[in-house]
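Please look over the sequence and the structure before reading the notes.

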Amino acid sequence: MQFDLDDERAQLKQATRELLEGESPLAESRALMEQSAEGFSKALYAQLAELGYLGLLLPEDAGGAGVGHVGLAAVLEEMGRVAFPGPFLDQILAIETLRRCPGDEARRWLERALGGDVLVVLARAETLSLDEPAQPETRLADARIVGRKRWVPFGAQADALLVTTDQGLALVPRPDSGWNATPLETIDLAQRFAEIPLAAPGSALLGPAATDAALAEVDRTGALAAAALLLGVMERSLELTRDYTVERQAFGAPIASFQALQHRMADMLIQTEGTRAAVYRAAWATDAEDADAARLVAVAKAQAGDASRFVCGETIQLHGGVGYTWEYDPHIYYKRAKTLEQFYGSTRDALEQLLEASGI
Amino acid sequence: MDLRYDESQQAFRAELRAWLADHVTRPWTQELRDPANDADALVELRRDFQRELNDAGFLGLDWPVEWGGRGLGPVEKNIFQEETAWADAPPVPNFLGIGLLGPALIHHGSEEQRRRFIPKMLSAEEIWCQGFSEPGAGSDLAGIRCRAEPDGDDFRIHGQKVWTTFGPWADWIFVLARTDPEDRYGGITFFLVPLHQDGVDMRPLRQITGEAEFGEVFFDGALARRAHVVGKLGEGWQIAMTVLAYERGATALLEPAKNDRYLKDLVTGCRENGTLGRPDVRERIARLLADNEVIRANAYRTLATLAAGRAPGPEASLEKLLWTEHARRQSEAAFDLLGPQAQLATRAHHARPEMDWAYEHLWSRAGTIYSGSSEIQRNIIAKRVLALPTR
Ligand SMILES: Cc1cc2nc3c(=O)[nH]c(=O)nc-3n(C[C@H](O)[C@H](O)[C@H](O)COP(=O)(O)OP(=O)(O)OC[C@H]3O[C@@H](n4cnc5c(N)ncnc54)[C@H](O)[C@@H]3O)c2cc1C
C-alpha cells in the first residue's frame, strides 16, 4: 500500500511547479487575465504543448506521457496553486473526447490539438443553467449545424468546437466569418466563457448513444480534474492566509497567535488535506479501473467543492479589509473556486452521482 | 501510488472473514439488546470473544512474535478493524491494554515486563485501564498531582484519577504519577499498578448513556513496584506522548468501516419510512457518504505512511477530528431523518434491530472530548503542522 506519488509523477509535479512559478507567477498572469484579449499566454500554452502536457492522459504508444489521472491531478494541483489562467483543462477534455471518436477528421484534429496548433473545446450547454439538455436543440442536418451554445469555455478563441447536437457529437471548425461570440463574463477572470450562435458547416463524429457514453467518461475526468485544481487553489489560499496572519500585527501580537484564528486555519488545513486524500484516491482508482472509481470521483468533486467554499471564504475573512481589495490575491482564488465548483459537474450533480453509484 | 492490498494481506482478510463468519454467532447489537445480558454479562461475552480471537492468532497482529504477537504490520491490523466492524463483532474488552499499554511495553518496557504482562493482556485474563486524567488535569495533562512516594525499593501512590474507562472491570491500571513535584514534564513517571489491593478505591461513574462504563479511582498508599515502572523515572510524559503518537493511524480504518454499517441502516430506515426519494434527505445522506469516504481516503494515506515505516504526517492529526465530527453529524442525521424511532433506548420496543442510534448519538458526544478534545487537536494542528506563533 503506497499513497505517495511514484518518482516519475513526483518529478513531473516538481518540474511543473518550477515551470509555473517561473513562467506564470500570479502577478504576471493577473495582468494577462485583467488586460489581454485572450486572457492567457499563448506562448506559454505552446510551450506546455511542446513539453507534452496536453498528452498526459494518452498512453505512451499513442504519443502521450502515459502518467494517467494521478499524473494529471499532480499537474493540475500545481496549476490551481498559481490560478493558472486559460483553457488547459478544456483542451484536455476536448482531446479526451476526440480520442473516443473514430474517423480521420477526428484524428487530424486530435493531432493538431495535442501539438498545441489549435484550440478545440466542447460546446454543450444551451440554457443559462449548466444542465445538459436531454435532447439538444442544436441540429445537425445536411452537414450544417444550427443552434446556439452557451458557456463555451474560451469559445471566442477556439479553432473548432465539439458540439452536442440532436444527431450526436459534431465538429464545427471556426467559420471564415468568425464565431460571432458574445462573451459571458463571470467573476472569475482566469476562465472565459462565450455564447455562440451556430449556423455553420460541420461534420458528425459520434452518434447520440456513443456521444453519451464518451461524454460520461470525459465528464468523470473533468470532475476529477476540477477537484485537483481546487486542491491547489485551497492549498495556496491557506498559505496566503498563514503568511498574512503571521505577518499582520494587532493588539500587540501577530494575529496568527489568536486561538480563534488558529482554529479556523486548522479547519482550513483539515478540509484541504481531506480533499487531497479524496482526489488522489479517486485518481488512483480511475487509473486502476477500480469498480468504485465513479463513486470516488463523485466524492472528490463534492468534497473539493464544499471545502473550497470554506477555505477560500475564510481566506478573505482572515485577511480583513485587504482581503476585500482587488489588489490582494484572495479574491482570485475565491473566484477560481466558484468556477471549478459549479462547472465540470456541480456539487449537486456529484452528490447525485455518488448516490446512484451507491445504489441509492 | 498503489492502494491495493498485496496477496498475503488479501489472504489474511479472507482467513479472518471466514473465521468471523463462524465465530460471530450473534451480532453485538443483538447481544446489547438482549435483556438477559446485564452489564457484567456483556463484559464476560466480550472477554470470551477476545480469548477466542487470541487463540486464533488475531490479536497483537503487529507485535513481534517473541512477545505473543503475530509479527504482521499496520495494514493487517487495520484489516482486522475493518472486518470486525463490518461483522458487528463484540468489541474486545482490553482495548486500552492492547491499544496503548502494549505498544508502550514493546517500545519502552523491560523484557521482564513484556513477558509478565503481554500474554495475559492478549488473553483478557487481566483487563487494563488507563489512569491519566485527574479532576484538575485533563487537557492540561502535565498538571497531574497524583504522586508516587518512595517506599524502600518500591512506591506508594496517593491521589485521584478520573474518567477511567473500563475501570469498574479492570484488574490493572497504568498510571501517570508525579515523582518530582518541581519538574512539570520530567517529573512524571509511568507505573503499572494492580487494582485489587488495599489503598485502591474504584467507584463507577454514570455516563450520559446511563451506563457506568467509566469510573474514578482513589489511591491511598497503593503499592507500585519498582519493577513495574515503565522506562525510567521521569520518562512518563515522553512515553505517554510517543505511545499516543504511535497509535495514531493504527486503527484508521475502524471508524469508516463502522460508518458503513451505520449509514446502511440510515438508508434502510429512510427507505422504510418512504423519505428516501426526497431531495433534502438524499442530499443529507450523500454528504455523509462523501464525508465517510474522505475519512477513509485519509486513513489510507496515514496507513500507507505507517506501512512504509515512517512517522505519519499532517494527515494523522486530521484523523480524529474528521471522524469524531462526522460521527456527530451522522447520528444527528439519524435523529432527524428516522424520527423518534432513532431515539428509542437500546432495549425499547420497536428499536431498530441492527443499529442502536440512541446510544451512538450520545456516544458521539464523547469522541470530541476524550483522547485530546477537538479544541486540543486544533491547537496541535495550529502549532505543529501550521507552525503558527503562540502568545
Ligand atoms: C467517555 C470518556 C472516556 C474517557 N476515558 C479516559 C480514560 O480511560 N483514562 C483517562 O485518563 N482519561 C479518560 N477520559 C478523560 C479525557 O481524556 C478528558 O476528559 C479530556 O482530556 C478533557 O479533559 P477535561 O475533562 O479535564 O476537560 P478540560 O480540560 O477542563 O476541558 C474543558 C473544555 O475546555 C477546552 N479546553 C481546554 N484546554 C483548552 C485549550 N488550551 N484551548 C482551547 N480549549 C481548551 C476543552 O476542549 C473542553 O472543551 C475520558 C473522557 C471521556 C469523555
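The notes below cover confidence, the ligand site and a few single residues.

This is a predicted model, in which local features need pLDDT of at least 70, side-chain atom pairs count only at pLDDT 80 or more, and totals for chains, interfaces and linings use all residues. Residues are numbered from 1 along each chain as its sequence is written, chains are lettered from A and ligands numbered from 1 in the order in which they are written, and side-chain values use heavy atoms, with hydrogens and water left out.

**Confidence**

- The model has an ipTM of 0.96 and a pTM of 0.97.
- In chain B the average pLDDT is 95, and 99% of the residues score at least 70; pLDDT is the predictor's confidence in each residue, from 0 to 100.

**The ligand site**

- The ligand is surrounded by 19 residues, and the closest are Ser139(B), Trp163(B), Thr165(B), Ser373(B) and Glu375(B). A residue is counted here if one of its heavy atoms lies within 4 Å of the ligand.
- The site is shared between chains, because residues from chains A and B surround the ligand.
- Sorted by class, the shell holds eight nonpolar, 10 polar and one charged residues. Nonpolar covers Ala, Val, Leu, Ile, Met, Phe, Trp, Tyr, Cys and Pro; charged covers Asp, Glu, Lys and Arg; the others, Gly among them, are polar.
- In chain B, strand 3 (154-165), helix 11 (357-367) and helix 12 (374-385) each give at least two residues to the shell. Helices (H or I, at least four residues) and strands (E, at least two) are DSSP runs, numbered from the N terminus.
- Domain 2 (128-234) and domain 3 (252-384) of chain B each contribute at least three residues to the shell; the domain bounds come from an automatic or database domain assignment.

**Polar atoms at the ligand**

- From chain A, a polar side-chain atom of Gln259(A) lies 2.8 Å from a nitrogen atom of the ligand.
- From chain B, a side-chain N or O atom of Thr165(B) is 2.6 Å from a ligand nitrogen.
- A side-chain N or O atom of Ser373(B) is 2.6 Å from a ligand oxygen.
- The ligand taken alone exposes 970 Å², of which the protein buries 67%. Accessible areas come from the Shrake-Rupley method with a 1.4 Å probe, and for residues only the protein chains shown count as cover.

- Lys161(B) belongs to strand 3 of chain B and is buried, with a relative accessible area of 0%. Buried means under 20% relative accessible area, exposed over 50%, and partly exposed in between (1.4 Å probe, protein chains only).
- The side chain of Lys161(B) makes a polar contact with the side chain of Glu134(B) at 2.9 Å, and also reaches the backbone oxygen of Leu176(B) at 2.9 Å. A polar contact is a pair of N or O atoms within 3.5 Å; within protein, one must be able to donate a hydrogen and the other to accept it, and residues adjacent in sequence count only if both atoms are side-chain atoms.
- Arg336(A) sits in helix 10 (residues 330-342) of chain A and is buried at 4% relative accessibility.
- Arg336(A) and Val233(A) are 103 residues apart in sequence, yet their C-alpha atoms are 7.5 Å apart in space.

**Positive phi angles**

- Most residues other than glycine have a negative phi.
- Ala83(A), which is not a glycine, has a positive phi of about 50 degrees. Ala83(A) is in the loop between helix 4 (68-81) and helix 5 (88-99) of chain A and is buried, at 0% relative accessibility.
- Phe166(B), also not a glycine, has a positive phi of about 65 degrees. Phe166(B) is in the loop between strand 3 and strand 4 (172-178) of chain B and is buried, at 1% relative accessibility.
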